[in-house]
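Dear colleague,

I am handing over the structure below, together with notes on what was found in it. Please read the notes with the structure open beside them.

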Amino acid sequence: MFQVIGINGLFPGPILNITTNWNVMINVKNELDEPLLLTWNGIQHRKNSWQDGVLGTNCPIPAGWNWTYQFQVKDQIGSFFYFPSLNFQRAAGGYGGIMINNRDVIPLPFATPDGDITVFISDWYTKSHKKLRKDIEKGKDLGFPDGIIINGFGPYQYDKELVPDGITYQIINVEPAKTYRFRVHNVGISTSLNFRIQNHNLLLVETEGSYTVQQIYTNMDIHVGQSYSFLVTMDQTASTDYFIVASPRFNSSKVSKAAGVAVLHYSNSQGPALGPLPDPGENDAYASMNQARSIRWNVSAGAARPNPQGSFKYGEITVTDVYVILNRSPELINGKWRTTLNGISYLPPSTPLKLAQQFNLHGLYKLDFPNRLMNRPAKLDTSLINGTYKGFLEIIFQNNDTNVQSYHLDGYAFFVVGMDFGVWTERSRTTYNKWDGVARCTTQVFPGAWTAILVSLDNAGIWNLRTENLDSWYLGQELYMSVINPENDTTELQLPDNTIFCGVLSSFQNDQARRFKFSGAPSIANACKIFLIALVAVVFGCFILSPI
């Protein structure tokens with residue numbers, strides 16, 4: 001038995017099923033023995049970074065306290081997820097899905113599916129998240145995962161010496177000849193996973209809030225923090241059940257055979273699923289990159305608004321700022337193991353950046369993040385990108401590590417315009433996709449390679465840019481970007497009434513105000529609908545897999 005972080009007694013947690021422009025109120029009670037924040041991967045929080053749920057914007061919710069998030073899913077559709085953003089907690093769970101549906105007046109660019117299925121794929125370690133983070137602090141490598149799980153079940157018995165009998169798989173029930181939308185999220189720690197369904201094709205239709213050109217894949221590499229939607233038609237004979245599979249990418253050890261499985265069960269199935277598991281295709285970074293390049297934006301489809309996605313012609317906009325961001329493997333800085341971006345390991349102040357900005361607190365951060373790696377020793381610092389409001393930013397991620405790194409930007413969807421192996425140069429821009437590069441919030445960067453993104457800075461606030469790989473993120477591979485409207489912006493939401501104070505502002509906090517009861521939150525004007533849910537985070541025991 002292993003401990004997981006559950007939400008409302010569930011692992012994974014409940015799915016938030018909401019619609020474009022709804023106002024969402026989420027009451028969170030922290031029953032863990034340590035502070036908690038939930039972040040909403042891909043939710044843009046238009047002009048409301050107060051709700052982002054990361055250390056740069058929010059004080060943690062203390063153990064035993066409640067706090068209410070309140071935000072609007074303004075002009076967004078698609079597949080996203082939430083998870084705990086502190087202290088390596090995502091390694092133990094605490095995640096759940098977010099489905100944002102189209103308004104009825106805007107048609108889907110495909111026939112309405114007969115059902116909607118959410119799938120969480122993840123690497124899993126038998127050590128607790130607390131032990132894992134201590135190992136990371138000591139400079140220990142995570143090593144290969146003990147298994148791969150799907151919706152909390154698994155793994156597949158790829159080796160009887162390592163994986164015991166009696167492992168339970170989730171059964172997903174379907175009807176023959178029906179078409180289902182599978183929303184697949186890699187919520188793991190650091191492992192890129194290949195997803196496939198035995199004898200079934202995957203028709204890609206959406207990724208992280210953007211409709212894609214509809215293409216058929218037999219499998220898809222899904223990197224840490226990424227989300228995809230596929231249409232899958234139940235067009236097989238149902239002589240047996242079928243395996244749904246997620247397996248590690250890009251390693252040649254015995255553990256590469258490890259897989260998480262679920263079972264696709266037709267109502268008229270004649271028997272259990274049979275091996276061997278379907279082949280994942282080439283286990284090669286070059287093939288994976290070509291697959292990633294093939295994913296294109298559906299420029300003719302409407303999304304959250306009636307106008308086509310392609311009406312925003314990002315390739316015609318002049319870039320105002322360029323950042324080439326280079327990562328490095330963990331190194332000792334002041335005697336501690338840290339990771340860096342452009343030679344800086346992020347040092348979070350005791351007072352969140354957003355609160356420091358609100359109260360004009362000086363000396364807690366600097367707006368001087370370098371746009372290139374500086375010729376100086378690596379250091380700890382609280383250095384932010386000074387973003388130009390309504391500017392157009394080009395970021396090139398250069399991966400000097402030996403593993404695939406995923407990078408995520410809160411508050412925005414960016415355009416993935418290029419990726420290649422080698423070192424990025426100015427000439428690399430000639431390869432950019434200036435027309436239908438997909439807009440998303442999380443992109444992969446292959447080892448020894450670069451990925452370029454473009455983003456329009458039209459969302460005022462303080463926003464987190466991070467690697468989604470937990471081991472790198474935990475050791476400092478993140479930064480924040482400050483985007484301030486120089487005019488008097490009355491549309492940016494003000495300090496919430498239920499703000500938790502900490503750091504130098506701790507004296508503002510009423511210690512008992514939010515303990516053991518749901519906190520209040522200011523209402524959002526012109527609400528079209530309120531979606532209210534209570535989430536309780538708690539540790540409980542769960543049979544997942546036996547120690548390896």
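Two remarks on conventions come before the details. This is a predicted model, in which local features need pLDDT of at least 70 and side-chain atom pairs count only at pLDDT 80 or more, while totals for chains, interfaces and linings use all residues. Residues are numbered from 1 along each chain as its sequence is written, and side-chain values use heavy atoms, with hydrogens and water left out.

Helices (H or I, at least four residues) and strands (E, at least two) are DSSP runs numbered from the N terminus, and two strands are said to pair if DSSP finds at least two bridges between them.

The disulfide

With a disulfide taken as a pair of cysteine sulfur atoms within 2.5 Å, the model has 1 disulfide, which joins cysteine 59 to cysteine 502 at an S to S distance of 2.1 Å. The pair links distant parts of the chain, 443 residues apart, with cysteine 59 in the loop between strand E4 (38-41) and strand E5 (66-72), and cysteine 502 in the loop between strand E31 (478-484) and strand E32 (530-542). The torsion about the S-S bond of cysteine 59 and cysteine 502 is about -85°, so the disulfide is left-handed. Cysteine 59 counts as buried at 4% relative accessibility, and cysteine 502 counts as buried at 16%. Cysteine 441 is buried too, with a relative accessible area of 3%.

Cavities and pockets

Both terms rest on a 1 Å grid over the protein atoms alone: a cavity is a set of points where a 1.4 Å probe fits but cannot get out, a pocket is an open set with protein on both sides within 12 Å along at least five of seven lines, and lining residues have an atom within 4 Å of a point. Grid points are joined across faces, edges and corners, and a volume is the space filled by probe spheres set on the points. For the linings, Ala, Val, Leu, Ile, Met, Phe, Trp, Tyr, Cys and Pro count as nonpolar, Asp, Glu, Lys and Arg as charged, and the others, Gly among them, as polar.

There are 2 cavities of 30 Å³ or more. The largest cavity holds about 100 Å³ of space, and Cys59 is one of its lining residues, which also include Trp50, Trp67 and Ile500; this lining divides into 8 nonpolar, 3 polar and no charged residues. The second largest cavity has a volume of about 30 Å³, and its lining has 5 nonpolar, 2 polar and 2 charged residues.

The largest pocket has a volume of about 810 Å³, and of the 29 residues that line it, the closest to its centre are Gln44, Asp75, Trp297, Phe312 and Ala413. By class, the lining of the largest pocket has 13 nonpolar, 10 polar and 6 charged residues. The second largest pocket holds about 660 Å³ of space and is lined by 31 residues, of which Asp141, Gly143, Ser190, Asn403 and Asp471 lie nearest its centre.

With best regards

Conventions: Buried means under 20% relative accessible area, exposed over 50%, partly exposed in between (1.4 Å probe, protein chains only).
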